[in-house]
Amino acid sequence: MASSRLCLLCLGCGLLFLLGTGQETLEPRAADSPSQEKELIEALQEVLEKLKAERLPSVEKKLGSLPSCDAGEPCALRKGARIGRLCNCPRGTACNLYILKCL
């Protein structure tokens, strides 16, 4: 959903940019071009404000993915009889569930 909004906003900015540059090639600049530039700048600023307001979910917060940890760091946490994973160990190492570290 957010990526489709982002694509639409980028497409709109690209069209505004192309329309602004396309006029230069077809005809010389008119006397009111500074006002057109101001309008384009204001439109781009509005788009940037909207993008700042929308925050995309970070990779680490997605369901099913865990952040990576270094070798020797704690990779799991014991919760009574259960063990909860904190992070994924790097390649060549595995989470030792006895000492709860990447080895």
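This is a predicted model: local features need pLDDT of at least 70, side-chain atom pairs count only at pLDDT 80 or more; totals for chains, interfaces and linings use all residues.
Local features need pLDDT of at least 70 and side-chain atom pairs count only at pLDDT 80 or more, while totals for chains, interfaces and linings use all residues. Numbering runs from 1 along each chain as its sequence is written, and side-chain values use heavy atoms, with hydrogens and water left out.

The structure holds three disulfides (cysteine sulfur atoms within 2.5 Å). Counting bonded cysteines along the chain, they follow the pattern 1-3, 2-5, 4-6. Cys69 pairs with Cys87, S to S 2.3 Å; this link is right-handed, with 80° about the S-S bond. Cys75 is joined to Cys95 at 1.9 Å, and that link is right-handed too, at 85°. Since Cys75 sits in the loop between α2 and β1 and Cys95 in strand β3, the pair ties together parts 20 residues apart in sequence (helices, H or I of at least four residues, and strands, E of at least two, are DSSP runs numbered from the N terminus). The Cys89 and Cys102 sulfurs lie 2.0 Å apart, and here the link is left-handed, with -85° about the S-S bond.

These cysteines also turn up in the largest nonpolar core, whose eight residues are Cys69, Cys75, Ala76, Cys87, Cys89, Cys95, Leu100 and Cys102 (a core is a set of buried Ala, Val, Leu, Ile, Met, Phe, Trp, Tyr and Cys residues joined through side-chain atoms within 4.5 Å). Cys75 is buried at 0% relative accessibility, and Cys89 is buried at 19% (buried means under 20% relative accessible area, exposed over 50%, partly exposed in between, with a 1.4 Å probe and protein chains only). On the outside, Tyr98 is exposed at 72%.
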